[in-house]
Amino acid sequence: EEAAALDGASRFRFTWQVLFPLVGPGLVATSVLSFIHAWNDFLFSQTLIYSDLHNSTLPQAMRVFYKPEDLDWGGIMAGSTLMTIPVLIFFVFVQRHLVSGLSGAVKG
């Protein structure tokens, strides 16, 4: 921060060109983990959101395929695949930011 101030950078320029590139990969990693956690949340929706099947989350709606006498493995696998697609699409968009954070703060 002091080096940027000595070079004549304003507070906005320091934040945009120095600070944000350093904390950006951490923000991306946190957003990926938060998105995956919120997308797959079963316990919160089971205990706090008591509603019918039309208003339930996707993991909760997949309980339809679990029957005591017979499991519908085709439906379970299809539902699991459909649940995975949005997470994969989100990860593809943020992958380069996440990988740049793993290489370190100094770019060579």
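1. Accessible area here comes from the Shrake-Rupley method with a 1.4 Å probe. With that in hand: the protein chain exposes about 8,500 Å², and carbon and sulfur atoms supply 68% of it. Keep in mind throughout that this is a predicted model.

2. The protein chain has 5 helices and 0 strands, and reading along the sequence gives the pattern α-α-α-α-α. Of its 108 residues, 16% count as buried. As for how the chain packs against itself, take the contacts between residues at least 6 apart in sequence: 44% of these join residues at least 24 apart.

3. Next, the record. UniProt, in an unreviewed entry, places the feature "transmembrane region" at residues 18–39 and 73–94. That annotation may be inferred rather than shown by experiment, so I'd set it beside the model. Residues 18–39 are 100% helix and 0% strand, with the end C-alpha atoms 32 Å apart. For residues 73–94 the model likewise gives 100% helix and 0% strand, and the end C-alpha atoms are 32 Å apart. In terms of elements, helix H2 covers residues 11–39 and helix H5 covers residues 73–102.

4. Which residues form the nonpolar patch on the surface? They are Phe-12, Trp-16, Val-18, Leu-19, Phe-20, Leu-22, Val-23 and Leu-27, with about 810 Å² of accessible area together. To take one of them, Val-23 sits in helix H2.

5. Now the aromatics. A pair of rings is described by the distance of the centres and the angle of the planes. The count comes to 3 aromatic pairs. In one of them, Trp-16 and Phe-20, the ring centres are 5.8 Å apart and the planes are at 5 degrees, so the pair is stacked; planes under 30 degrees apart count that way. Both residues lie in helix H2, 4 residues apart, which is about one turn of the helix. Trp-16 is exposed, with a relative accessible area of 54%, while Phe-20 is partly exposed, with 43%.

6. Phe-35 and Phe-90 make another pair. Their ring centres are 4.6 Å apart and their planes are at 35 degrees, so this pair is tilted. Phe-35 lies in helix H2 and Phe-90 in helix H5, so the pair ties together parts that are 55 residues apart in sequence.

7. Last, have a look at Arg-11, which is found in helix H2. Is Arg-11 buried or exposed? At 57% relative accessibility, Arg-11 counts as exposed, because the cut-off for that class is over 50%. The C-alpha atoms of Arg-11 and Glu-1 are separated by 9.1 Å, with the two residues 10 apart along the chain.

How values were computed
Residues numbered from 1 in each chain as written. Predicted model: local features only at pLDDT ≥ 70, side-chain atom pairs only at ≥ 80, totals over all residues. Heavy atoms only, no water. Patch = residues over 30% accessible without salt bridge, like charges linked within 9 Å, V, L, I, M, F, W, Y side chains within 5 Å. Salt bridge = Lys/Arg side-chain N within 4 Å of Asp/Glu carboxyl O. Helix = DSSP H or I, 4+ residues; strand = E, 2+ residues; numbered from the N terminus. Buried < 20%, exposed > 50% of the residue type's maximum accessible area, 1.4 Å probe, protein only. Contact = heavy atoms within 4.5 Å. Phe/Tyr/Trp six-rings, centres within 6.5 Å; stacked < 30°, edge-to-face > 60°.
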